[in-house]
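This briefing is meant to be read beside the sequence and the coordinates. Please keep both at hand while going through the points.

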Amino acid sequence: MAGLPTKLQLQVVSADRSLVNETVDEVEIPAADGYFGVLPGHTPLLAVLGAGELWYRQGQEKHYLAIAFGFAEVQSERVTILAQIAEKAEEIDVTRAEAAKKRAEERLARAIDMDVERARISLMKSLIRLQVASRARIRS
């Protein structure tokens, strides 16, 4: 009988490109109902993604992505993330994210005849982008 796997193959794909295809030690994923961690040998599962910060670890180094909505498939040796939106920390345009945050806050403040849920989601995505982008600045 073979032992448990010691690594995971992580693949992160967004609607327009493949962002990550790496061998990793650990992954933390933002599911719709909270974050969950995955180590090699994890029980297979399929999860709906929320919006949040995904990180993965290779040795002692952590890498961060902002992701929003989609699905995660977990197998004992593989994790596949299919996200509507996915961005690496170092690729996030902080100025654009701050402007999106400001617009969403203004829309929520005058929530008359508009889609409040859409503005709330926009605000959430911009806050996640800023949080993930700050991770890249800390490491630099």
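The model is a predicted one, and the values below are computed from it. In outline, the protein has seven strands and two helices, which follow one another along the sequence in the pattern β-β-β-β-β-β-β-α-α.

**Overall dimensions and packing**

- Taken along the principal axes, the box filled by the C-alpha atoms of the protein is roughly 65 × 35 × 25 Å.
- The protein has 140 residues, of which 39% count as buried, while its accessible surface comes to about 8200 Å², with 50% of that area belonging to carbon and sulfur atoms.
- When contacts between residues at least 6 apart in sequence are considered, 54% of them join residues that are at least 24 apart.

**Charges and aromatic rings**

- A search for aromatic pairs across the whole structure finds zero.
- A charge does, however, sit over a ring: the charged end of Lys62 is placed over the ring of Trp55, at 3.9 Å from the centre of that ring.

- Phe69 belongs to strand 6, which covers residues 61-74, and although Phe69 is not a glycine, its phi is positive, at about 65 degrees.
- Phe69 counts as partly exposed because its relative accessibility is 24%, a value that lies between the 20% limit for buried residues and the 50% limit for exposed ones.
- Thr80 is placed in strand 7, which covers residues 78-88, and it counts as buried because its relative accessibility is 13%, where the cut-off is under 20%.
- Leaving aside residues up to four places away in sequence, Thr80 touches Gln11, Phe71, Ala72 and Glu73.

**Val132, a helix residue**

- Val132 is found in helix 2, which covers residues 116-139, and with a relative accessible area of 0% it is buried.
- Apart from residues up to four places away in sequence, Val132 touches Glu53, Tyr64, Leu65, Ala66, Ala89 and Ile92; of these contacts, Tyr64, Leu65 and Ala66 fall within the range of strand 6, residues 61-74.
- Val132 and Ala83 are 49 residues apart along the chain, and their C-alpha atoms are separated by 16 Å.

Key
Residues are numbered from 1 along each chain as its sequence is written. This is a predicted model: local features need pLDDT of at least 70, side-chain atom pairs count only at pLDDT 80 or more; totals for chains, interfaces and linings use all residues. Side-chain values use heavy atoms; hydrogens and water are left out. Helices (H or I, at least four residues) and strands (E, at least two) are DSSP runs, numbered from the N terminus. Buried means under 20% relative accessible area, exposed over 50%, partly exposed in between (1.4 Å probe, protein chains only). Contact means heavy atoms within 4.5 Å. Accessible areas come from the Shrake-Rupley method with a 1.4 Å probe; for residues, only the protein chains shown count as cover. Rings of Phe, Tyr and Trp (its six-membered ring) pair if their centres lie within 6.5 Å; planes under 30 degrees apart count as stacked, over 60 as edge-to-face and the rest as tilted. A charge sits over a ring if NZ of Lys or CZ of Arg is within 6 Å of the ring centre and within 35 degrees of the ring normal.
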